[in-house]
Amino acid sequence: MSTPDLPQFKVAVYQNEFLPEGAGEVNAIVTVTSSGAAGPSAARAAQVIMVDCSGSMDYPSTKMEAARQATNAAIDAIREGVPFAVVAGTHVGRMVFPSTEYLVAADASSRAAAKAAVSRLTPGGGTAISQWLALADRLFTGHEQAIRHAILLTDGKDEHESPDDLGRAIARCEGRFTCDCRGIGTDWVVAELRRIAGGLLGTVDIVADPSGLAGDFRAMIEGAMGKAVADVRLRLWSPQGSTIKFVKQVAPSVVDLTGRRVQTGPLAGDYPTGAWGAESRDYHVCVAVRPGSVGDEMLAARASLVALDGSGQAQSLGQGLVRAVWTGDAALSTKMNRQVAHYTGQAELADAIQEGLEARKNGDYDTATARLGRAVQLAAASGNEDTTRLLARVVDVQDPVTGTVRLKARVSDADEMALDTRSSKTVRVGKGNQG
Amino acid sequence: MSGEPAHGGGREQGAAQAARGPVCAACAASVQPEDGYCEACGADLLVRRAPGPGEAAAPCPDCGGTSFTDGYCDQCGRLAPSPRDRWERDLHIVAGVSDRGLRHSRNEDAMAFAVIGEGTEFPASVVVVCDGVSSSVDPQRASQLAADTMVDLLVRALRRGEPAPVALSAAIEAAQQAVTALADEYPDRANAPSCTAAAAVVERGRITAGWVGDSRVYWLAADPAASCRLTDDDTWAGQLIAGGAVDEAEAYKAPHAHAILRWLGPDAPPEPPHVRHFAPGGPGLVLVCSDGLWNYVWDATDLAALARDGRDGLAATCAALTAVALDGGGQDNITTVLARHPPYTPAEPEPETEREVEAAQTLRLPPAPEGAAPRTTVHYDEGSAS
């Protein structure tokens with residue numbers, strides 16, 4: 001099947017290809033920019049909204065009201081004609097609109113009926129998110145040609161099932177749809193939502209203030225409606241005898257894709273990147289190749305973006321080459337590529353925050369101070385102002401250059417969770433110092 | 001690329017050719033003794049030109065793989081072997097070797113040469129060596145384009161009877177335009193393909209050298225002590241040496257000594273090319289080479305001693321000089337081209353049937369007008385070659 005309206009993809013590779021004799025690790029930042037298709041309405045879409053209706057949503061009752069309003073805003077933002085459904089999540093998944101398990105095309109009457117059903121939502125019951133995901137997966141059946149997107153809103157811990165149940169449900173849904181996750185209040189678990197969003201290639205964020213939820217839902221739907229191509233994969237070819245050490249999305253946020261490889265040939269594998277609209281993302285690829293001698297040149301990796309068409313045939317959207325050239329000139333081989341250095345720092349920043357908060361939770365204040373201090377240093381050096389601001393609510397910064405900090409005695413749960421959920425957000429090269 | 005003309009077929013074919021009369025080497029049509037150009041295909045019968053490096057067809061030296069994508073082996077990722085890695089061309093009175101060396105992954109040097117009017121009263125050889133600027137992208141595109149462009153223009157101009165200095169100056173300027181035009185294909189114009197160029201036109205009793213950058217032309221006299229360098233490098237060190245302030249060994253010790261001040265390509269300084277001519281006192285060899293050779297042996301007398309007057313044949317002599325640079329470490333691409341002066345095969349007893357095509361002997365090129373007004377502005381360097 002030909003897909004004439006696929007967006008234009010540009011792939012650029014930033015690296016220092018020069019290695020000293022005997023070295024075998026090649027690092028590169030692969031920047032993928034999609035210019036978007038002819039128009040946003042060109043692609044087919046399908047949408048499911050999952051709203052937590054467990055008993056805790058009533059405490060305080062403003063949460064349930066905010067969830068209703070946000071769901072209504074989302075329903076309004078769905079493009080005319082796009083099939084959608086609303087699911088209530090408790091210890092089971094239950095249809096809110098329509099009442100049976102299928103998707104209804106968005107139009108004036110279906111939107112009105114959906115909003116009427118949402119207004120009747122009442123909290124009550126437990127939380128078993130795997131049940132919600134399984135229902136969403138069933139709803140998307142038959143819509144495989146469309147760009148499938150879900151929103152998941154919860155306010156509490158996934159307490160009425162085991163982590164394994166959730167893990168299995170996520171694994172079954174991987175590649176079936178993308179899912180943006182939002183936590184409302186401060187009783188939910190960042191790690192749980194991060195796990196879902198990570199597996200289903202969506203975003204995760206905290207909505208501490210319920211009044212902000214409607215705008216956030218609208219933005220998520222608009223983002224999903226702007227996608228022009230579903231199920232794009234980053235395909236990496238690497239030579240015989242090499243190993244891919246890691247593949248990470250590093251902008252707009254850090255997502256480790258290393259474990260998501262699906263082998264597509266003896267020397268090639270695919271990493272899922274989900275759906276694309278007009279946007280730009282950066283990937284850090286690290287390959288270990290056979291060490292070479294001075295004068296050798298090798299293709300360390302060929303990075304291509306491929307889209308699967310209806311018949312499962314891969315179509316290349318663009319490619320870039322990651323090279324290795326061995327040189328005796330130390331002036332060439334010791335130069336650190338600016339993009340690689342920057343994103344190595346951004347990935348370490350995300351790790352430092354998550355480790356620091358974990359240590360703080362466990363009462364290991366020395367580690368917490370050291371890791372969060374390092375995070376302050378990295379955030380300041382790279383010009384990551386949002387993260388710097390969030391860090392300042394958790395630690396008192398004495399010197400951002402050396403990373404000297406003191407843990408705050410009292411930190412609000414919301415501030416801590418905001419820092420945790422947003423720790424993987426990165427900034428691009430060019431902000432902050434030009435080092 | 002023009003094919004080998006009537007008398008370029010090699011000695012084995014000589015007898016057969018003589019038996020059925022001269023033929024055009026490009027299309028095998030019969031040609032008349034008075035023809036300057038082939039009536040059938042238009043090939044220039046008085047020009048014999050070394051073919052370019054050609055296309056690759058070799059298996060991967062590392063894994064034996066035979067399929068390549070984007071210029072790399074589909075199995076082991078190794079850079080596909082290139083015919084440029086080492087190529088040798090031999091026109092007997094001119095021969096050259098271009099070699100990747102031991103420390104670079106690609107050969108970014110290029111060479112091109114031709115002999116004109118063999119057997120006529122005015123024979124000439126033209127030689128061009130270009131060295132791609134490593135800090136530019138795809139420098140081998142620049143170097144080969146510049147070398148080919150210059151030989152094309154030199155051959156045509158000399159066949160028209162233009163004086164060598166004028167032809168050489170115009171050829172370098174044309175190469176500059178051709179290489180600069182490549183920059184349109186590159187987003188980063190400042191790093192678009194660039195190269196150096198050194199060229200020599202060898203005529204009876206006169207050698208004309210033209211250059212931009214740090215590739216060199218040497219006169220290697222039969223008596224090594226009478227040898228000399230005909231070019232001055234466009235480098236910081238080259239300027240110091242030309243100014244007489246320091247000797248070569250001293251000048252090139254400085255950290256940025258090799259940084260070139262002039263090149264062919266975008267943003268090249270808009271000065272006219274250097275052109276200098278020299279009257280050799282007798283027979284000898286003209287060496288045109290890249291810095292991959294002269295970095296190992298820079299003294300003209302030493303080079304002449306190594307070349308041994310080309311007594312083993314010019315191709316073997318080029319290979320021997322290249323081997324000296326490789327044995328020394330092969331830090332850079334090495335390109336070595338030797339041309340005989342005077343530009344014709346030294347008299348040796350040959351059976352009449354092996355003489356090259358009779359047709360050529362009856363033709364006369366128009367003489368280079370002595371003291372004719374140059375048709376383009378030629379910048380003659382101050383001072384004589386030393």
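I take two strands as paired if DSSP finds at least two bridges between them. Helices (H or I, at least four residues) and strands (E, at least two) are DSSP runs, numbered from the N terminus.

**Model and conventions**

I worked on a predicted model, in which local features need pLDDT of at least 70 and side-chain atom pairs count only at pLDDT 80 or more, while totals for chains, interfaces and linings use all residues. Residues are numbered from 1 along each chain as its sequence is written, chains are lettered from A and ligands numbered from 1 in the order in which they are written, and side-chain values use heavy atoms, with hydrogens and water left out.

**Sheet of chain A**

I looked up the pairing of β1(A) and found it antiparallel to β3 (residues 25-34) of chain A, over six bridges. In this pairing, A:F9 stands opposite A:S34 of β3(A). I then followed the open sheet, which has five strands in the order β1-β3-β16-β12-β13 (chain A) with antiparallel pairing.

Next I noted helix α8 (residues 338-361) of chain A, which lies across β1, β3, β12 (243-251) and β16 (279-288) of that chain. The helix runs at about 90 degrees to β3(A); axes are lines fitted to C-alpha atoms, for helices over the stretch in contact (heavy atoms within 4.5 Å), and angles run from 0 to 180 degrees between N-to-C directions.

**Interface of chains A and B**

I recorded 19 residues of chain A in contact with 17 residues of chain B. The buried area is about 1,300 Å², with 42% from carbon and sulfur atoms; this is the accessible area (1.4 Å probe) that two parts lose on being put together, summed over both. In chain A, the most area is lost to chain B by A:V294, A:G295 and A:E297, together 37% of what that side buries.

I counted two salt bridges between the chains, a salt bridge being a side-chain nitrogen of Lys or Arg within 4 Å of a carboxyl oxygen of Asp or Glu. A:R302 and B:D70 meet in a salt bridge through their side chains, at 2.6 Å from N to O. On the side of chain A that touches chain B, β17 (297-308) and β18 (314-327) of chain A each supply at least two residues. The largest share, five residues, comes from β18(A).

**Salt bridges overall**

My search of the whole structure gave 47 salt bridges over all chains. One of them joins A:E65 to A:R68, with the closest N and O atoms 2.8 Å apart. Both residues lie in helix α1 (residues 62-77) of chain A, three residues apart, about one turn of the helix.
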